[in-house]
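Subject: Structure handover

Hello,

Here is the structure I said I would pass on. My notes on it follow below.

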Amino acid sequence: MTKVLGRSELESWLGEIMRERTLVAPRRIDDLVLFTPVQSVDEIAFDFDNTNLSPKEFFFPRTETLFTTVYKDGEVELTPAVIDRETVIFGIRPCDARGIAICDGPYLGDPPDSLWAQHREKTTLIGLACTRPAPQCFCSSMGSAPNDSSNVDILLTEVEDGYAVEVITEKGENLLQGVELKDSDVKPVAPSCDASVPADGIVEAVKKSFDDIYWSRLADRCIHCNICAYVCPTCYCFDIRDYKRGDVIERIRTWESCQSKGFTRIAGGYDPRADKGSRLRQRFCHKLLYFPEQFGPLGCVGCGRCVVACPVNIDIREIISDIQETGAKVGQGSN
Amino acid sequence: METEYTKQIRDKARELLENGTVECVIGYETGTDGINARPAFIYDPADVERLVFDNTCSHNLVKYLLNMKGKPTAVVVKGCDSRALNLLLAEKQLQRDNIYVIGVVCPGVVEWGWNKQSDKLQKRCVLCRQHTPLIHDILLGEPVTEEPPPDFTDVAEMEAMSSEERAAFWQEQVERCIRCYACRQACPGCYCIDCFVEQLDPEWVGIRIAPGENLMWNTIRAFHLAGRCVACNECERVCPVNIPLSLLNRKLEQEVLDLFDYRPGMSEDAIAPLITFKKDEKLGIGE
């Protein structure tokens, strides 16, 4: 038996959620689809492939205050930022939910990042399974699937008469309390997604390719903008700066990327990763070598955003294939 | 004509690499969607068959010459790109001797998007006044002799808004800016070693990715391109959140044209009006 939530019941449930919590949902803005807080169900886009930017910004905002300090009567008073509002994200895709879970690795280690932990605690994820993976999607190559329910609190799958509902966690159960679900014989169909990207064994292959000329040749084309990192659901690097207004100092962090020059430049102006090849290689070594070595999973969920957004077609799927070949070649000593 | 260009570019690239005139040929190849072109760097004559030219060859390849560090390089250049090359030569960022220019009379390129096939010309191509490269060592195609007059309808439409409407419009646009700096990285005119946005002392713009700072970033970048922007419109093409940057650039292009009768990048020794001063320039002050 499948539990089904009718379309109009879904809308009234979302309307109810909005009253007490911040509801974040995909929304059409010009010709983009972006996750934003919504005030009315009419603002929500239900039919979309995926959003142009990942929902990571509701856990790791583009800019966030870490704490403020006030200097008063010879004393420094420090106030850490507190996230007090409950948030519900509707429409998160399984790949993006996996991205958030992957970032738990570095952010919920010991010690945990307090803000990430607070966002995680206060946020409930209503996943929306993909019924129609886009051409750039390859989640099935990266250990996930269009209907992967492992990283959401509730998974909805669109069926003929509404949405099939899978409740995964207690948080999800709480959110659904009092909502009436119909029993139905309908069986949600899981579409297939590109599983052909050869990710098996990529960690070793990347390691072998480290000194290969492949990286500098690939970097010829790279313009070293930060698009790939900023659209990526698993890129989690940031920069920190203090801003002073009178006696108040605010410490903030913002998104930053290994592709930008300031990221590696150190005092005195030296940049240990100054050449284009090693800078670009860092991105792929982090995702496909350092991250899995340190935390387990590959740092890519196959959402395909970077594939679409890169202005010069640096395509991680192509790189994984190339490196499997190059790594093998280098391994045979034919560099 | 496009397949003809492809063949001519391949032949020339092979010749230049084989006889050692250049070490690298920068052109276009087909990307991973099988539809749209991407930049290609060819070092080996055996690889020239990768090169293509078609109406998806949007990228301005001139910017890449700045990375070649004086290595003899050939580059495929469309009309607008040739203005960028002139700009960089005039600003002494490149040496003409090291560059072999494969000029292509450009019929216009279509709207660009990964896995998107379009037959709609890009806005910059509809408005283009420079189909024929101004600078070249070999020219492919028949030069276009008559170019249309300037058309700033889009700027006029923007200016028809009230100042409140315009402020709201730009506020909404820059709000979604993620400060990825792709506009700057793609722009041939943006080559400062230390961009103002990253300077720490003084700190011109804060690092917050927030409406105020975003507006500051986009506005100042536009001003730095005043009298220098060659209208290749790469900034707008690469923007991941579709901010209509051409409106800012074209407004300044129009101002410079009206005030100084000047179009940037039209020759390799042009002196830009904003880096020089003539005694008879009053620009309406005290007149």
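In this predicted model, 35 residues of chain A are in contact with 27 residues of chain B (contact means that the C-beta atoms, placed from the backbone, lie within 7 Å). On the chain B side, β2 (37-42), α6 (182-186) and α8 (234-238) each supply at least two residues. Helices and strands here are DSSP runs numbered from the N terminus: H or I with at least four residues for helices, E with at least two for strands. Sorted by class, that side of chain B has 14 nonpolar, eight polar and five charged residues. The classes are: Ala, Val, Leu, Ile, Met, Phe, Trp, Tyr, Cys and Pro nonpolar; Asp, Glu, Lys and Arg charged; the others, Gly among them, polar.

On conventions, residues are numbered from 1 along each chain as its sequence is written, while chains are lettered from A and ligands numbered from 1 in the order in which they are written. As this is a predicted model, local features need pLDDT of at least 70 and side-chain atom pairs count only at pLDDT 80 or more, whereas totals for chains, interfaces and linings use all residues.

On confidence, the predictor gives the complex an ipTM of 0.94 and a pTM of 0.94. Chain A averages a pLDDT of 94 (the predictor's confidence in each residue, from 0 to 100), with 97% of its residues at 70 or above. Chain B also averages 94, and 97% of its residues score at least 70. Residues 331-335 of chain A stay under 50, and the model has four contacts for them beyond four places in sequence.

Chain A is divided into domain 1 (2-184) and domain 2 (202-331), with bounds from an automatic or database domain assignment. Their centres, taken over C-alpha atoms, are 25 Å apart. The contact between them takes 34 residues from domain 1 and 27 residues from domain 2. On the domain 1 side, β4 and α2 (94-107) of chain A each supply at least two residues, and β4(A) gives the largest share, ten residues. That side has 16 nonpolar, twelve polar and six charged residues.

β4(A) also belongs to an open sheet of four strands in chain A, in the order β5-β4-β12-β11 with antiparallel pairing (strands pair if DSSP finds at least two bridges between them). β5 (75-80) and β11 (238-245) of chain A stand at the edges with a single partner strand each, so one side of each has no neighbour in the sheet. The twist from one strand to the next averages 20°.

Going through the pairs, β4(A) and β5(A) share six bridges, β4 (63-72) and β12 of chain A share seven, and β11(A) and β12 (248-255) of chain A share eight. T68(A) stands opposite T79(A) in β5(A) and opposite E250(A) in β12(A). I240(A) stands opposite R253(A) in β12(A). The hairpin of β4(A) and β5(A) has two residues between the strands, and D73(A) there takes a positive phi near 45°.

In chain B, helices α5 (163-175) and α7 (211-224) pack at an angle of about 100° with their axes 9 Å apart. Axes are lines fitted to C-alpha atoms, for helices over the stretch in contact, and angles run from 0 to 180 degrees between N-to-C directions. The two helices are therefore roughly perpendicular (65 to 115 degrees; under 35 counts as roughly parallel, over 145 as roughly antiparallel and the rest as oblique). W170(B), Q171(B), V174(B) and E175(B) in α5(B) meet P211(B), N214(B), L215(B) and N218(B) in α7(B). Of these contact residues, four are nonpolar, three polar and one charged.

Regards

Technical notes
Two residues are in contact if their C-beta atoms, placed from the backbone, lie within 7 Å.
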